[in-house]
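Dear colleague,

Here is the structure I said I would pass on. My notes on it follow below.

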Amino acid sequence: LIGETGVVTLSISGGTGRVRLGDSEWQAEGCDLPAGERVRVTGARGTVLLVEPAASLPPPGNPPPSLP
């Protein structure tokens with residue numbers, strides 16, 4: 001699941017919410033985000049997915065840009 005993208009289905013508030021990946025919905029932890037926001041899975045703690053906004057991470061397979 002790490003690296004997959006999904007959508008917030010229940011706003012992440014106070015660090016917890018729910019996200020949909022494919023046809024499954026998971027409890028998630030991350031920064032506060034509204035429902036409908038796209039997220040990328042960065043890890044897991046048991047059955048809880050750790051997520052970040054998809055826009056804040058480089059696309060899978062692409063390294064982040066180098067700093068000068």
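From the N terminus on, the elements run β-β-β-β-β: the chain has 5 strands and 0 helices. Please keep in mind that this is a predicted model.

Pairing of the strands. S1 and S2 run antiparallel and are joined by 4 bridges, with Ser13 standing opposite Thr16 in S2. The hairpin they form has 2 residues between the strands, and Gly14 there takes a positive phi near 65°. S2 also pairs with strand S3 (residues 24–29), in the antiparallel sense and over 6 bridges; Arg18 has Gln27 in S3 as its bridge partner. The hairpin of S2 and S3 likewise has 2 residues between the strands, and in it Gly22 has a positive phi near 65°.

The two faces of S2. Gly17, Val19 and Leu21 lie on the covered face, whereas Thr16, Arg18 and Arg20 make up the uncovered one.

The core. The largest nonpolar core holds 10 residues: Val8, Ile12, Val19, Leu21, Ala28, Leu33, Val39, Val41, Leu49 and Val51. Strands S1 (5–13), S2 (16–21), S4 (38–45) and S5 (48–53) each give two or more residues to this core. Leaving aside neighbours within four places in sequence, Leu33 is in contact with Val8, Ser11, Ile12, Val39 and Pro53.

The chain as a whole. Of its 68 residues, 26% are buried. Among contacts with a separation of 6 or more, 28% are between residues 24 or more positions apart.

Regards

Technical notes:
Residues are numbered from 1 along each chain as its sequence is written. This is a predicted model: local features need pLDDT of at least 70, side-chain atom pairs count only at pLDDT 80 or more; totals for chains, interfaces and linings use all residues. Side-chain values use heavy atoms; hydrogens and water are left out. Buried means under 20% relative accessible area, exposed over 50%, partly exposed in between (1.4 Å probe, protein chains only). Contact means heavy atoms within 4.5 Å. A nonpolar core is a set of buried Ala, Val, Leu, Ile, Met, Phe, Trp, Tyr and Cys residues joined through side-chain atoms within 4.5 Å. Two strands pair if DSSP finds at least two bridges between them.
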